[in-house]
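Work through these exercises with the sequence and the model side by side. Try each task before you read its solution.

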Amino acid sequence: MDKPKVSLVECASYDTAQTEAAVRKAVDLLGGMGRFVKFGEKVLLKPNLLTDAAPEKAITTHPEVVRAVIRLLKPITPHIYCGDSPCVWGGEKNNIDRVYEVTGIKKVCQEEDIELVYFTKARMAAGHPLAEWAFACDRVINIPKFKTHGLTVLTAALKNLFGLAVGMNKMKIHRDNPRIADLSKVIVDIYEVRRPDLNILDGVVAMEGDGPGSAGTLKNVGLIAASCNGLSLDIVLAALMGVDALDIPTNREAVRRGLGPASIGAIDILGVELKNFITSDFKLPKTSVIAKMPKWAAGVLTSLLTMKLCVDASKCKLCGLCQKSCPAGAMRRVKGRMVVDRTKCILCLCCQEVCPHAAVDIKKSLFLGLLSR
Ligand code: SF4
Ligand code: SF4
């Protein structure tokens, strides 16, 4: 049987022509867009639109990468739709409009004359309320951003599919699945039930450190990557980060289900060699050690580890977004400051993810510090 393929292409900037050429090359290395989409089919594009962040903050998929994908599709089909379902802003349509506007996705979709859609209607699939659009379309093209993630270490092809869970349902999923292993199962459930036909990664400017929100640090990687197997793409990214593929909990779960290869040796890398993108100093999230733990240990030890969440009052603008996004109702305003009730907190890190001012920080306990060495 053929090995799954991942194509890697260099792309130094988000210049329109350069990005388009890189995306085209990445897809051509896999056999061209015609291999994945047939004439006249309906295609849903699913970028990562976590919040209302400008493209240069590298929190969301860059609109020029989305434009490049649209331009590859146009000769094949006019039925192209683009959408995501960020829960940061409460899931209401006018707030989603704000996300579409600020991320630059609306402008690109208008210029390319394709329809922006809203994930308001859900279909229950694999036990989760997922965007009907993902099932109404013949094809789904996943366009993740390459970022670190405090819970899952990496957010890329697999984790981006969590965005198919409609709006505020994500909060309930977090509340019901506080352990990383359980949340990873949900993410892989979603990937498995609506597996994208193609994954095209924006890794031109990626994020390291305490991603995926404003607490992360921008990292110039200069990469556009593509694969029809999301797990393979995420395994290649793990290698780029200097992480064992199975230390990424979503990879571990997907491998357990047989959804792709278990190691980089079982993947065909096409295009530029991986070593061209590897840097020895890729910074992982402070919490990454927790993701490595087996489920029993993570469950028992999470409370002992006492990752302490702190809101830095000098950065906090009291916007209330963290409070709105906290699935456990653990954040509240006390005497003009935002505080975390540690008796309620389930350490989901949603507050850190959504804070636009990098005001939520994680202090490692001594125990976690020792484990991280
Ligand atoms: S911690 Fe961040 S999200 Fe929460 S109120 Fe302060 S600035 Fe807003
Ligand atoms: S305080 Fe933050 S980490 Fe704790 S449950 Fe709320 S959103 Fe999650």
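A residue is buried if 20 or more other C-beta atoms lie within 10 Å of its own, exposed if 12 or fewer, and partly exposed in between; C-beta atoms are placed from the backbone. The model is predicted: local features need pLDDT of at least 70, side-chain atom pairs count only at pLDDT 80 or more, and totals for chains, interfaces and linings use all residues. Residues are numbered from 1 along each chain as its sequence is written, and chains are lettered from A and ligands numbered from 1 in the order in which they are written.

**Exercise 1. Describe the backbone at Leu318 and at Pro212.**

Step 1. Leu318 sits in the loop between β13 (308–311) and α13 (321–325). Its phi is positive, near 55°. Leu318 has 15 other C-beta atoms within 10 Å, so it is partly exposed.

Step 2. Pro212 is in the loop between β10 (198–209) and β11 (216–227). Most peptide bonds are trans. The bond from Gly211 to Pro212 is cis, with omega near 10°.

**Exercise 2. How do α1 and α2 pack?**

Step 1. Read the geometry. Helix α1 covers residues 16–29, and its axis is 9 Å from that of α2, at an angle of about 55°. Axes are lines fitted to C-alpha atoms, for helices over the stretch in contact, and angles run from 0 to 180 degrees between N-to-C directions.

Step 2. Classify the angle. Under 35 degrees counts as roughly parallel, over 145 as roughly antiparallel, 65 to 115 as roughly perpendicular and the rest as oblique. α1 and α2 are therefore oblique to each other.

Step 3. List the contact, where C-beta atoms placed from the backbone lie within 7 Å. From α1 come Thr16, Thr19, Glu20, Val23, Arg24 and Val27; they meet Glu64, Val65, Arg67, Ala68, Val69, Arg71 and Leu72 of α2. By class, this contact has six nonpolar, two polar and five charged residues. Ala, Val, Leu, Ile, Met, Phe, Trp, Tyr, Cys and Pro count as nonpolar, Asp, Glu, Lys and Arg as charged, and the others, Gly among them, as polar.

**Exercise 3. Which residues are closest to ligand 1 and to ligand 2?**

Step 1. Set the cut-off. A residue is near a molecule if its C-beta atom, placed from the backbone, lies within 6 Å of it.

Step 2. Around ligand 1 there are 13 residues, the closest being Cys316, Cys319, Cys322, Cys355 and Ala359. They divide into 10 nonpolar, two polar and one charged.

Step 3. Ligand 2 is surrounded by 13 residues, with Cys326, Ala328, Cys345, Cys348 and Cys351 the closest. This shell has 13 nonpolar, no polar and no charged residues.

Key
Helix = DSSP H or I, 4+ residues; strand = E, 2+ residues; numbered from the N terminus. Contact = placed C-beta atoms within 7 Å.
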